[in-house]
Amino acid sequence: MDPRVAALHRYCLLDTPREPGFDDLAMLAKEICDVPFAVINLVDADRQWFKAEIGFGVRELPLDDSICAKVMLEPDLIEIGDLRLDRRFECNPLVTSGPELRFYAGVPLLNSDGYVLGTLCVLDVEPKALTDAQRGCLSALGRQVVSQMELHRQGVESRAHAAQLARALQQRNAAEAQRRKAEASHRFVIDHALAGLVVHGSDGSVEFSNPMASEFLGASPEQLRGKALMDPGWHFLNDDGSPMAADEYPVAVVMRTLEPLRDYVVGVVRREGAEPVWALVNAYPELDEVGALGRIVASFVDITARKVAEQQLVLADRRKDEFLAMLAHELRNPLAPISTAAQLMQMSAGTDARVRQASDVIGRQVQHMTELVDDLLDVSRVTRGLVQLELATLDIRSVVGSAIEQVRPLIEARQHALSTWASAEPLLVRGDRTRLIQVIANLLNNAAKYTPRGGAIELRVDCDDRAVRVVVKDNGVGIERALLPHVFELFTQAERTPDRSQGGLGIGLALVRSIVQLHNGRVEVDSAGPDCGSTFTVCLPLSTREAPAADTAPPRAPCADEAGMRVLVVDDNTDAAAMLAMLLDVEGHTTAVAGSGAQALAIARRQPFDVFILDIGLPDTTGYRLASELRDVAASTDPLFLALTGYGQPHDRAASEEAGFADHLVKPVDGQRLLAMLSKFSAQRARGEQMEAQAPTG
């Protein structure tokens, strides 16, 4: 701020009410000089403000309109007989328009520090000249104005000083009272704080702990006192759940660095085998005047609930990502043979056998796709409560029979032994026949998928006085104990195998629970662990009404068989492999088909191939590993390797490129693009062989 303006502000006069002392001096100036206007004018940084005014009727004017601001720098009285004849003011709004001033005379208000704070001025609408006596009186009045300003400032300062003394006394008294109150409530606050507080000595031992800290650490204040938290008896964990080294304990870090530790996440295992509790720790060292450690004050809040929520969010996010990736894969797999079969039918419509085989494949794969889409739609509608049940009295035995016929093709394909037992008497329930068939079919389908080939599945139907029970038991892969509480949650699955022969979208069992709950029933699962099989039990309220429903079994579509050029197609999806081979056969290529890595290696050792088209997910290996092994087997033919898979993310393509694949094709493959690639490769190889034949021999 400008020093002159700062000096003016120290008088505390701006924007204050009118005062008789200043008004009287302005009135004297007006009367002595015989003019209509007199002003005590204070010039601020951006305005002129009138402490006293006679005749103007305003207290403030913009600085741009000020006459005083332009003449106040003169050391003595300034008199302008006619403002219209002065170039500085001939265009001033106060001269050219109301009040159309013509005469001005003013004396600067000069304080003891040499700053001109404003002017005492008189003005008239007529040109005139002051007498010497009038000029002398005006100058004397100006000095009186400055004296009045000094008196005002001294009064303000005296009052401010007195107020400051009063405030200081009041603050001292209040501080004393606050200190006494703080001392009285200190223990109460610490004892009832929601945060744990631990004070450590310079050696790390506990000197004090509040009740929250004792509760969190699982020890009384007496047990904690004198104990070092670096002792082996304490089990601390890092944020990621790994064991924390003793020198990384919060207190140990502060002792080593002598620096505050902020927002340090620590897990504490309070006893062997217990779940950890989690804290957000802040620790501060107390240093003496030479920088030596005195005490360490550590505070923490319990964030166990937050930590558990974070872990659940991470798990949910991972399940979501897995679901989206698997969804893309599962939808692409049936599309691949459908697309290939459709292209084949267009290319060889006159061959009845091939058309029939392609039609059968399309039918099976369309059914597969329909089931996937139905499950997706069902889980969305069920979870949002949009499903309306068509209730009827049903014999659960008939429902079970229909479900068995629906799943029988899968059970037979995997060569499982299915044994059933049901009561000879009707077992009636009130339910939606279609939905209950879906429940039992899903359980049987789950058992068939997660039981190794040639396994055993048992289905038992019985009842007690209140409920009908349907029990599906298998001797399959079993379920981890930790996964049992979550198997009916949406998108939950066990660890996936690379071949994807087990598992779907993780929504089948979620649908089972939702549908059973809509029927006022419950579903349970039990397993002794991995490789110990699983048992699912559905309980539905028993009904006394008699109206059992009938059922029919859907037909089983035949499987497509494989064809056999110098292209080896490796895919565990039999339909997809067969259709692709058939498409290549029609174009004149010689093909062979393999459903696993071992089968592909065996075929490649018996005959040479120019091209290998490999699925990435196979039952016994990955396409990446198989490509490496086939490259060794077929090194002499320098074959072309193409990846064909339902996974199409950027990292999937990068993995294929790193494994040496010439291209990464995503199902369903564009047949014309594939044929063009084979044609281009064939032409390149033919030109290479021709150049070798024409090269001179030594």
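I began with the contact between two helices: Ile 396, Ser 398, Val 399, Val 400, Ser 402, Ala 403, Ile 404, Gln 406, Val 407, Leu 410 and Ile 411 of α11 meet Arg 433, Leu 436, Ile 437, Ile 440, Ala 441, Leu 444, Asn 445, Ala 448 and Lys 449 of α12. Contact here means heavy atoms within 4.5 Å. I sorted the α11 and α12 contact by class and got 14 nonpolar, four polar and two charged residues. Ala, Val, Leu, Ile, Met, Phe, Trp, Tyr, Cys and Pro count as nonpolar, Asp, Glu, Lys and Arg as charged, and the others, Gly among them, as polar.

I noted the source of the model: it is predicted, local features need pLDDT of at least 70, side-chain atom pairs count only at pLDDT 80 or more, and totals for chains, interfaces and linings use all residues. Residues are numbered from 1 along each chain as its sequence is written, and side-chain values use heavy atoms, with hydrogens and water left out.

**Helix pairs**

Two packed helices are described by the angle between their axes and the distance between the axes. I looked up both for α11 (residues 396–413) and α12 (residues 433–449): the angle is about 40° and the axes are 8 Å apart. Helices (H or I, at least four residues) and strands (E, at least two) are DSSP runs, numbered from the N terminus. Axes are lines fitted to C-alpha atoms, for helices over the stretch in contact, and angles run from 0 to 180 degrees between N-to-C directions. The pair α11 and α12 is therefore oblique. Angles under 35 degrees count as roughly parallel, over 145 as roughly antiparallel, 65 to 115 as roughly perpendicular and the rest as oblique. I recorded the crossing of α11 and α12 as right-handed. A crossing is right-handed if the near helix is turned clockwise from the far one by less than a right angle, and left-handed if anticlockwise.

I then took α15 (residues 597–606) and α16, whose axes come within 10 Å and cross at roughly 15°. This makes α15 roughly parallel to α16. The crossing of α15 and α16 is right-handed. In α15, Gly 597, Ala 600, Leu 601, Ala 604 and Arg 605 meet Leu 626, Glu 629, Leu 630 and Val 633 of α16. I counted the contact of α15 with α16 by class as six nonpolar, one polar and two charged residues.

**The parallel sheet**

I traced an open sheet of five strands in the order β21-β20-β22-β23-β24, with parallel pairing. Two strands pair if DSSP finds at least two bridges between them. β21 (591–594) and β24 (663–666) are at the edges with a single partner strand each, so one side of each has no neighbour in the sheet. The twist averages 20° from one strand to the next. I found four bridges joining β23 (residues 640–645) to β24, and Ala 643 has His 664 in β24 as its bridge partner.

I checked which helices lie across these strands. Helix α14 (residues 574–586) lies across β20 (567–570), β21, β22 (611–614) and β23, and runs at about 175° to β21. Helix α16 (residues 623–633) lies across β20, β22 and β23, and runs at about 160° to β22.

I traced another open sheet, of six strands in the order β8-β7-β12-β11-β10-β9, with antiparallel pairing. β8 (206–209) and β9 (235–237) stand at its edges, each with a single partner strand, so one side of each is left without a neighbour in the sheet. The twist averages 30° from one strand to the next. β9 pairs with β10 (residues 261–269) over three bridges, and the partner of Leu 237 in β10 is Gly 267. Helix α8 (residues 250–257) packs on this sheet, touching β7 (196–200), β9, β10, β11 and β12 (293–302), and its direction makes about 145° with that of β10.

I picked Val 281 in strand β11 (residues 277–287). Val 281 counts as buried, at 7% relative accessibility. Buried means under 20% relative accessible area, exposed over 50%, and partly exposed in between (1.4 Å probe, protein chains only). Leaving aside neighbours within four places in sequence, the contacts of Val 281 include Pro 250, Leu 261 and Phe 300. Val 266 is 15 residues from Val 281 in sequence, and their C-alpha atoms are 7.1 Å apart.

Most residues other than glycine have a negative phi. I noted a positive phi near 55° for Cys 12 and near 60° for Asp 15. Cys 12 is in the loop between α1 (3–9) and α2 (20–33), and the place of Asp 15 is in the loop between α1 and α2. Cys 12 is partly exposed at 39% relative accessible area, whereas Asp 15 is exposed at 52%.
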